[in-house]
Amino acid sequence: MNLQSLTRTTAFVVAASISTMAHAQEKTGHVSAPELRAKTDYCKTCHGVEAQGFRGSFPMPRLAGQQPEYVENQLKAFIEHRRRNPVMFNVAHALSPAMLAALTDEFKNLKPKPLGGAPKAIVPEGKKIYDEGIPGANVPPCASCHGPEAKGVGQFPRLAGQLNDYVIKKLTNWDKERGQNKANPDASAIMQPIAHDLTDAQIRAVAAYVSELN
Ligand code: HEC
Ligand code: HEC
């Protein structure tokens, strides 16, 4: 990605995230505490008791500390079939807009320890990719969008503490899962060329690195 297209896409994300925030504010305040509690407990049956993620027959991603705008965007993407996942379509399409906004706030404030379990030997290589990118392959530093500590901001998700096997799956299958409505392109287009240009070994290394971060 060259600098011009990077600037353009960043401007798009900032503009889109401001409109999402305004949207979320309009919709809060219509969910009772017991309703929210019941729904959060339900999410945690798959995403882990502290939303730290869970390894079942496939990895369930960490939601703890995740950026509210990013979570809201993904739930909408599942509902509109822009992001393909049969499990989360069924979960997300039953959520009211007010519940959706309340849930995103709820998960933001949880701070469990990372689940861990990644191979330690490849962590240093992953850190180098995260901080510096891969200049020869046109891959920008991950830190330039996901932040120096991988905590994310707005539409850019937190990667710190995310399950390494989940991250590997997402980066490997990007084109098959996200941006599935070509007539309605979304923020997933920003990551598409980056996921595409990483080799399998580079994906494993960077996934190991972020999964260990607090
Ligand atoms: C039956 C299990 C299950 C339940 C219940 C469930 N999820 Fe999920 N969720 C998943 C799986 C599996 C994925 C990973 C999908 C993928 O691989 O793309 C996921 C992904 C997500 C993502 C995308 C995370 C990311 O990092 O991109 C969000 C957001 C999410 N779930 C929110 C919720 C919320 C909020 C609830 C409760 C209302 C919930 N989930 C309940 C299984 C579940
Ligand atoms: C130009 C900005 C930018 C750069 C650089 C960038 N990302 Fe992303 N990334 C994004 C955006 C935006 C999203 C959210 C996409 C969406 O909403 O579907 C994302 C999403 C992701 C996700 C999905 C997270 C989840 O919970 O499902 C992973 C994994 C990821 N990026 C890893 C990386 C890695 C590794 C690098 C460095 C090699 C990187 N990103 C560099 C913008 C960027």
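1. Let me start with one residue worth a look in your viewer. Leu 171 touches Met 191, Ala 195, Leu 198, Ile 203 and Val 206, leaving aside residues up to four places away in sequence. Please keep in mind throughout that this is a predicted model.

2. Together with Tyr 130 and Leu 198, Leu 171 is among the residues with the most contacts inside the largest nonpolar core, which has 28 residues. Two or more residues of this core come from each of helix 6 (123-132), helix 8 (164-172), helix 10 (188-197) and helix 11 (200-211). Helix 11 gives the largest share, seven residues.

3. His 146 sits in helix 7 (residues 143-146) and Met 191 in helix 10, so the pair ties together parts 45 residues apart in sequence. Both residues are buried. Met 191 is also one of the residues that Leu 171 touches.

4. Ligand 1 has an iron atom too, and its protein donors are His 47 (NE2) and Met 88 (SD), at 2.0 to 2.3 Å. Here the six donor atoms subtend angles of 87 to 179°, which makes this arrangement octahedral. The pair links distant parts of the chain, with His 47 in helix 2 (residues 33-47) and Met 88 in helix 4 (residues 86-92), 41 residues apart.

5. His 47 has 10%, so His 47 counts as buried. Met 88 has 16%, so Met 88 is buried as well.

6. Finally, the chain as a whole. Its secondary structure comprises eleven helices and two strands, in the order α-α-β-β-α-α-α-α-α-α-α-α-α along the sequence. Of its 214 residues, 49% are buried. The chain exposes about 11200 Å², with carbon and sulfur atoms supplying 60% of that area. Among contacts between residues at least 6 apart in sequence, 73% join residues at least 24 apart.

Methods: Residues numbered from 1 in each chain as written. Chains lettered and ligands numbered in written order. Predicted model: local features only at pLDDT ≥ 70, side-chain atom pairs only at ≥ 80, totals over all residues. Heavy atoms only, no water. Core = buried A, V, L, I, M, F, W, Y, C linked by side-chain atoms within 4.5 Å. Buried < 20%, exposed > 50% of the residue type's maximum accessible area, 1.4 Å probe, protein only. Helix = DSSP H or I, 4+ residues; strand = E, 2+ residues; numbered from the N terminus. Contact = heavy atoms within 4.5 Å. Areas by Shrake-Rupley, 256 points an atom, 1.4 Å probe, with all protein chains shown as cover. Donors = N, O, S within 2.8 Å, 3.2 Å for Na, K, Ca; no water. Tetrahedral: all angles 85-135°; square planar, octahedral: opposite > 155°, others 65-115°.
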